[in-house]
Amino acid sequence: MMPTLNDYLVLSAILFAIGTAGVFVRRNLITILLSIEIMLNAVNLTFVAFGRALGAVDGQILVFFVMTVAAAEAAVGLAIVIDLFRHRESLNPDSFASLKW
Amino acid sequence: MPPGISTSDFYYILPELVLTGGALLVLIADVLLPRGSKALAWVTLLAIGATIASLVPFGSTHVEVAHGLLAVDQFALFFKIVFLGAAALTVLMSVRYLEIEGASPGEYYFLILCATLGMMIMAGGIDLLTIFIGLETMAVSFYILAGFIKPNQRSNEAAVKYFLLGAFSLGILLYGMSIMYGLSGTTNLRTMATAFVGQERDPRLVLAVILVVAGLGFKIAAVPFHMWAPDVYEGAPTPVTAFLSVGSKAASFAMLLRIFLEGLPSMSADWRLMFEVLAIVTMTIGNLAALTQTNIKRMLAYSSIAHAGYILIGVVAGTPRGVAAMLIYLLIYAFMQLGAFTIIIIMRRQDVVGDELKDFSGLHIRHPFAAFAMLLFMLSLGGIPPTAGFMGKFWLFGAAIDAGYVRLAVIGVLNSAISLYYYIRLVVFMYLKPQGAGSPVTTSPSLGIALAVAVIGTIFLGVYPRLLFDLAEMSARTLGVAAVTAAIR
């Protein structure tokens with residue numbers, strides 16, 4: 001049986017929830033970054049699924065841009081995290097207390 | 001020429017092209033000029049000036065470019081002028097600051113221009129794609145800028161926090177957008193508006209609206225999505241904080257108005273209610289939290305959160321008058337906020353960080369004009385006549401009453417009264433306390449120009465605001481009005 005649009009949407013909603021939960025629960029900057037990537041992939045899946053259901057390519061085109069931007073963001077984000085790690089020797093966000101959260 | 005894009009499209013994005021060229025020129029100039037040369041700041045200002053000049057032919061243009069990817073109208077024009085003006089002032093502020101911090105100016109000015117470019121695209125974008133690209137061009141530039149002073153731990157921390165919450169909010173915003181796309185079958189906001197008529201009660205659309213409101217709430221730093229703002233504002237380099245609090249906020253409001261007034265007018269009952277609650281909570285919590293701050297940058301961060309609450313009143317009103325009041329307020333806010341940050345940068349000397357309340361003790365003896373200018377900006381932020389801040393609040397609250405939101409206006413006025421406490425406290429420190437420690441307070445030529453512009457703007461818009469109001473109202477009226485497509489020409 002072919003999966004329907006609804007199946008894809010449910011899957012992407014679950015992925016999005018996992019990503020969101022990861023951002024709140026995990027206490028490691030790299031894992032938080034990965035959780036955000038999962039959220040963005042949930043977005044991509046939604047765009048592609050809708051695009052296919054609508055028979056239009058707009059969704060797929062948007063996904064290309066989301067992927068590119070996510071890559072750029074990850075590059076900048078990892079650079080910032082490395083810079084911070086040099087100062088702190090820690091990736092736990094709770095230990096960054098020179099500014100109050 | 002690829003199909004669908006015509007030569008006239010390139011003509012209409014001339015300002016963006018000029019700014020891109022200018023940004024690349026700055027990078028090249030950085031390599032060619034001798035190290036430590038101040039000429040780079042002037043190259044940057046030249047690029048901004050050329051971009052402002054290239055806006056002139058579009059004074060009354062009202063078209064959609066590239067099949068509805070971008071709108072070139074007076075609404076976008078107004079915002080572009082605000083962004084470019086704020087960028088110019090930021091560059092003027094940065095020259096001495098970068099020297100003291102020992103940061104390399106080349107990439108810095110390049111990133112400032114990139115962020116400005118992103119803002120300009122955000123203000124013109126009427127398609128989910130362009131809005132998203134503009135937003136990210138701005139945000140990624142700001143992530144780097146926030147952590148630009150690499151040896152400084154606080155700057156690093158600010159960058160990490162801004163990046164994590166920025167990326168997180170982007171995920172939320174995009175998820176909302178993907179649902180909007182799925183339900184309407186289009187990414188163009190104006191086509192979307194017609195597609196959504198009659199779908200008002202679809203729970204999936206309500207979910208999308210909630211997600212988009214939350215994602216944008218992060219960008220404008222509205223409570224409860226404001227946690228990042230005080231930390232980032234305090235830790236980031238001061239000129240970056242200034243530009244972030246003015247440019248990024250104005251651009252996010254432009255985007256918010258485009259999405260909700262152009263793309264979701266049929267859902268206005270829902271988002272009005274959400275923004276009304278957000279506005280009340282944001283104003284109140286922002287002001288109450290600012291009361292206890294002893295770091296001026298942090299205090300201004302909470303004050304800027306409170307101002308986001310005031311500006312949201314205009315969105316709730318949703319009328320052309322409300323939107324016009326928002327535009328005016330954002331411009332006035334740019335002058336007074338950038339002015340206040342210029343003073344903080346003047347206070348930054350080799351031996352003093354200068355962003356604590358006690359650093360401002362007895363400033364009127366050390367530097368009378370700086371103290372007077374700060375007094376003016378504080379009164380303006382608090383909304384005391386005859387400064388510009390008063391006129392801005394007057395129109396915002398007036399628009400709310402016009403649209404039948406008297407309660408919101410009353411809460412806004414009460415909040416302004418609370419905010420006076422912490423603005424005046426700084427004035428008390430400057431005028432009534434004995435002198436603080438550290439080397440003498442001096443200005444540099446570029447800081448002097450920035451300060452003069454901010455002071456003149458704050459006074460002029462306070463005593464002669466009529467001119468601005470007509471301009472803003474004209475800009476506000478172009479929002480949401482269908483335009484001809486450029487390709488038809």
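Helices (H or I, at least four residues) and strands (E, at least two) are DSSP runs, numbered from the N terminus. This is a predicted model, in which local features need pLDDT of at least 70, side-chain atom pairs count only at pLDDT 80 or more, and totals for chains, interfaces and linings use all residues. Residues are numbered from 1 along each chain as its sequence is written, chains are lettered from A and ligands numbered from 1 in the order in which they are written, and side-chain values use heavy atoms, with hydrogens and water left out.

**View 1. The loop that holds B:Pro224 in chain B.** Let us start with a peptide bond. B:Pro224 sits in the loop between α9 (203-220) and α10 (228-235) of chain B. The bond joining B:Val223 to B:Pro224 is cis, with omega about 5°. Most residues other than glycine have a negative phi, and most peptide bonds are trans.

**View 2. A cis bond between B:Pro385 and B:Pro386.** Here omega is about 10° for the cis peptide bond from B:Pro385 to B:Pro386. B:Pro386 belongs to the loop that runs between α16 (368-382) and α17 (388-402) of chain B.

**View 3. B:Ala66 and B:His67, in the loop between β1 and β2 of chain B.** This loop links β1 (63-65) with β2 (70-72). B:Ala66 is not a glycine, yet has a positive phi of about 50°. For B:His67, also not a glycine, phi is positive at about 55°. Are these residues buried or exposed? Buried means under 20% relative accessible area, exposed over 50%, and partly exposed in between (1.4 Å probe, protein chains only). B:Ala66 is buried at a relative accessible area of 15%, whereas B:His67 counts as exposed at 55%.

View 4. With 1% relative accessibility, B:Phe142 counts as buried. Leaving aside neighbours within four places in sequence, B:Phe142 is in contact with B:Ala115, B:Met119, B:Tyr162, B:Val240, B:Phe243, B:Leu244 and B:Ser248.

**View 5. B:Ile259 in the largest nonpolar core.** A nonpolar core is a set of buried Ala, Val, Leu, Ile, Met, Phe, Trp, Tyr and Cys residues joined through side-chain atoms within 4.5 Å. The largest one has 225 residues, and B:Ile259 and B:Phe260 have the most contacts inside it. Helix α14 (residues 320-347) of chain B gives the most to this core, contributing 22 residues. Residues up to four places away in sequence aside, B:Ile259 touches B:Ile131, B:Met177, B:Met180, B:Leu189, B:Val212, B:Leu216 and B:Leu264. In soluble globular proteins, nonpolar side chains tend to be buried together.

**View 6. B:Leu174 and its contacts with chain A.** B:Leu174 is part of helix α7 (residues 153-184) of chain B and is buried, with a relative accessible area of 1%. Not counting residues up to four places away in sequence, B:Leu174 touches A:Leu40, A:Val43, A:Phe47 and A:Val66 from chain A, along with B:Phe132. The C-alpha atoms of B:Leu174 and B:Ala208 are separated by 9.5 Å, and the two residues are 34 apart along the chain.

**View 7. A:Thr46, in contact with residues of both chains.** Now for a residue on the chain A side. Helix α2 (residues 29-54) of chain A is the place of A:Thr46. A:Thr46 is buried, at 2% relative accessible area. Its contacts, apart from neighbours within four places in sequence, are A:Leu9 and A:Ser12 in chain A, and B:Tyr175 and B:Ser178 in chain B.

**View 8. The two chains as a setting for the close-ups.** Chain B has 20 helices and three strands. The radius of gyration is taken over C-alpha atoms, and the globule rule is 2.2 Å times the number of residues to the power 0.38. For chain B the radius of gyration is 21 Å, close to the 23 Å that the rule gives for 489 residues, so chain B is as compact as a globular protein of that length. Chain A has three helices and zero strands. The radius of gyration of chain A is 17 Å, well over the 13 Å that the rule gives for 101 residues, so chain A is more spread out than a compact globule. Buried residues make up 67% of chain B and 41% of chain A.

How values were computed. Contact = heavy atoms within 4.5 Å.
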